Amino acid sequence: MNWNQAEEGEYPPREPMVTRSYMSRREVEQQSFSAVVAVFVPIAAILLQVLLPRLFPGLAILDLPLIVTLFFAISRRSPIAGTITGATIGLLQDVLTGQPIGINGMAKSVIGYAAASLGSRIDVENTGTRAILTFGFTLLQTVLLYLIERRLLNIHGFHELWLHELVRACVNTLIAIPIFLLLDRWKRQD
């Protein structure tokens, strides 16, 4: 049987072949949020980050913008969206906290990219995985901030107390888990 003849109708047409589409996990499970959630939640996190330490100085250990950046990056599973989300949240945090513009923007854009890249490859709906990611990315952000301020901006008065940073990573991890569960309610499947 000649393929051209079958297409021209000289022979009875063949049964259509069943084809399977293999989509990546990222394409299948990519999630989005309403515009209200995508805008309000990061702004609320940044405002709380600015206001809470003024009222209760002990809460300066929290990094709510980092937690929100991680949540949106791992949920959307798009490195480009994660980078943009991290940069936007970080820049707004810089503007409102009085730090040099771009420090948190650079660090959180790297975090957003890395979290979204991992989110497309591993199961990030698991609470244990989220805890490990939050802990690790909190420490990574500390290293990035140190490198940016120390090497890029040549600020030598910047000292990290690494034991404090480990405690900070633990506290942020403990706070992130209920926040992630709360924000999961506003996800919608694409």
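Tutor: Start with the largest cavity: its lining consists of Leu-70, Ile-74, Arg-130, Leu-133, Thr-134 and Phe-180. Helix H4 (64-76) and helix H7 (127-152) are the elements that give two or more residues to this lining. H7 provides the largest share, three residues. By class, the lining has four nonpolar, one polar and one charged residues. The space in this cavity is about 30 Å³. The structure holds one cavity of 30 Å³ or more.

Some terms and conditions. The model is predicted: local features need pLDDT of at least 70, side-chain atom pairs count only at pLDDT 80 or more, and totals for chains, interfaces and linings use all residues. Residues are numbered from 1 along each chain as its sequence is written, and side-chain values use heavy atoms, with hydrogens and water left out. On a 1 Å grid over the protein atoms alone, a cavity is a set of points where a 1.4 Å probe fits but cannot get out; a pocket is an open set with protein on both sides within 12 Å along at least five of seven lines; lining residues have an atom within 4 Å of a point. Points are joined across faces, edges and corners, and a volume is the space filled by probe spheres set on the points. Helices (H or I, at least four residues) are DSSP runs, numbered from the N terminus. Ala, Val, Leu, Ile, Met, Phe, Trp, Tyr, Cys and Pro count as nonpolar, Asp, Glu, Lys and Arg as charged, and the others, Gly among them, as polar.

Now the open sites. The largest pocket has a volume of about 460 Å³. Of its 20 lining residues, Gln-49, Ala-60, Gln-93, Gln-99 and Arg-168 are the closest to its centre. Helix H3 (35-55), helix H5 (79-97), H7 and helix H8 (162-184) each supply at least two residues of the lining. That lining divides into six nonpolar, eight polar and six charged residues.

The second largest pocket has a volume of about 180 Å³. Its lining has twelve nonpolar, no polar and no charged residues. Among them are Phe-40, Val-41, Leu-64, Ile-179 and Trp-186. H3, H4 and H8 each supply at least two lining residues. The largest share, five residues, comes from H3.

One more residue of H3 is Leu-51. Leu-51 counts as partly exposed because its relative accessibility is 47% (buried means under 20% relative accessible area, exposed over 50%, partly exposed in between; 1.4 Å probe, protein chains only).
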